[in-house]
Amino acid sequence: MSQQFKIELDSVRDEARIAYFSMEIALHPAMPTYSGGLGILAGDMIRAAADRELPMVAVTLLHRKGYFYQRLDSGGMQTEDSVEWVVEDFLQEFPQRAAVSIENRTVHLRAWRYEVRGCTGGIVPVYLLDSDLAENAEWDRSLTHWLYGGDQHYRLCQEVVLGMGGVSMLRALGHHGIERFHMNEGHASLLPIALLDEQAERAGHDRVTQEDVEVVRRHCVFTTHTPVPAGHDRFPSELINQVLGRVETEAMKEVLLWDDYLNMTYLALNLSHYVNGVAKKHAEVLRQMFAQYRIDSITNGVHATTWTSPPFQALFDQHVPGWREDNFTLRYVLGIPPQEVWQAHDQAKRQLIDHVNRVTNVGMDAQDLTIGFARRDATYKRGDLIFRDIERLKAISAGVGRFQIIYAGKAHPQDQQGKELIQRIYQARDALRGYVKIAYLPNYDWPLAQLMTAGVDIWLNTPQPPLEASGTSGMKAALNGVPSLSILDGWWIEGCIEGVTGWAIGELPTSVSFEEERSARDAAALYDKLEQVVVPLFYHDRERFIDVMRHTIALNGSFFNTQRMVLQYVTKAYIH
Ligand SMILES: *Cc1c(COP(=O)(O)O)cnc(C)c1O
């Protein structure tokens, strides 16, 4: 089986062998079809698959109204608008139709196609499913409108559209040779149910059997991104029965072992032959949580060409030709003269500082040490950790060297605590006025992430371990020579070589400690590292600082990219 698959990988370019399913995919900076890290990762994965000319197709939902557009008032209070975008400007409609059954209604689906083109011309087509058709009931027409909008019922229906509708659409489009179905996170877990139906029918069974499960499992791959049990989607059995609306669910219950709740992670775990977490540490945490499964790890990456700023692209083109096709060659960045690295960085930094000053009127100085922090405002990410001791911060900035901080990030519309976190950052900004300049840029998205990860001097990350499954924005920064100053969690456990690729905040945690105690300790470690190492190095030993920048690119940019990641998926998950 794997031998045959390998030959096909080499020889067949037009017939897809791998189908990648994700609830969100960031395909174009102006298409609001993603909410954050998961969607960016999916897009970066597909961009790398296109670079490698893999025979892949991808399936997602259209999200006609996007995730949301973030507005922040003068106190940092977030409100959300839906995003208007012109679908036809980006996508091509297909005449084929597919359908799924939801609550015994037929929901018709159409697909829009987006082509992701790789650096050597390879193409991965992406199909965006759309239920907004005149022949559907009014409510069903809204099912592909909002990413992560609505209640549990709406979400489950969306997951039916993605998983089961996706398979139905692939068949309608003529994709019959797919050998691997990859579920990116549990939102796609209903996909194997559609495959089970197909398999049972093919085998002439009138209900799904254990044998069918074995067959389907060989074709499925599952990547989970969540390190906490609460992060895993689950739906009550009655809701599942209501939505799937079919008698065989009882029979499937036996086969799939669910009781009062259907946990989407368990469903995918049960029905996949290969399962992975997104960093080594994450896989360890998963193995404790799901002890009865074999769980591997493939550490996340980012798409190097997408996340390298224009000044660094020009620098790499000049010194490391071929880096776009082969990101491993970024190791040769170690040979680029330091002043050229600094010049490229200075250009990227000025772009960001100009943007910040235009948007916020904070009056940042491009000479000052600039720290960046941008991610979803969830409390475990502790965006306000650095503000635990305002007086200490003032003292470091006044006594050791001036620094300024640029923030961005959205809170999920239903996450009240996340919204309060933004307001606390605004309060800290006011409390630090005259000492540390702080800017909060609204509506964190792909273009803003490009500007920020390239334009700051230090990328800060302070999650509460072990809750950061991987984290990817520090990898984007690394490609631009921006070292991370971060808690040892997720990818940074693998990426941090102290003083060489960046700096750790505190020690590697050996046990889970009480949250409040841990935060006090982590904040103190952060202040110490800033005061004693990072700020002095930036102002008093620029040469060594630039050497850290070069190592950040050479050691981390060359490795934490999706070209390496996708190769690992091929060898570990797709050809076996
Ligand atoms: C990269 C990215 C993220 C994810 O960053 P993490 O460090 O993984 O939290 C979220 N949102 C946007 C817009 C991004 O570009």
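Predicted model: local features only at pLDDT ≥ 70, side-chain atom pairs only at ≥ 80, totals over all residues.
User: What area do domain 1 and domain 2 bury between them?

Analyst: Here's the general idea: the size of an interface is often given as the accessible area lost when the parts come together. In this model, domain 1 and domain 2 bury about 3000 Å² between them, and 59% of it is on carbon and sulfur atoms.

User: And salt bridges? What is the count between domain 1 and domain 2?

Analyst: The count is 1 salt bridge between domain 1 and domain 2. To look at a salt bridge in the structure, go to Glu80 and Lys419: they form one, with their closest N and O atoms 2.8 Å apart.

User: Now some backbone details. Which residues are joined by a cis peptide bond?

Analyst: First, the general rule: most residues other than glycine have a negative phi, and most peptide bonds are trans. In this model, Pro465 and Pro466 are joined by a cis peptide bond, with omega about 0°. You'll find Pro466 in the loop between strand 17 (458–461) and helix 17 (473–479).

User: What about phi, say for Glu53?

Analyst: Glu53 has a phi near 55°, a positive value in a residue other than glycine. Its place is the loop between helix 2 and strand 2 (56–61). Glu103 is another case to look at: its phi is positive too, about 50°, although it is not a glycine. Glu103 sits in the loop between strand 5 (92–102) and strand 6 (105–117).

User: Why does Glu103 count as buried?

Analyst: The cut-off tells you: buried means under 20% relative accessible area. Glu103 is at 19% relative accessibility, so it counts as buried. Glu53, at 28%, counts as partly exposed.

User: Is His345 buried or exposed?

Analyst: His345 is buried, with a relative accessible area of 1%. It belongs to helix 13 (residues 338–360). If you set aside residues up to four places away in sequence, His345 touches Phe312, Ala454, Gly455, Val456, Asp457, Val482 and Met549.

User: What is Ala172 in contact with, leaving aside its neighbours within four places in sequence?

Analyst: Ala172 is in contact with Gln96 and Arg97. This alanine is in helix 4 (residues 152–172) and is partly exposed, with a relative accessible area of 30%.

User: How far apart are Ala172 and Phe514?

Analyst: There are two ways to read that. Along the sequence, Ala172 and Phe514 are 342 residues apart. In space, going C-alpha to C-alpha, Ala172 and Phe514 are 53 Å apart.

Definitions and conventions
Residues numbered from 1 in each chain as written. Heavy atoms only, no water. Helix = DSSP H or I, 4+ residues; strand = E, 2+ residues; numbered from the N terminus. Buried < 20%, exposed > 50% of the residue type's maximum accessible area, 1.4 Å probe, protein only. Contact = heavy atoms within 4.5 Å. Buried area = accessible area lost by both parts, 1.4 Å probe. Salt bridge = Lys/Arg side-chain N within 4 Å of Asp/Glu carboxyl O.
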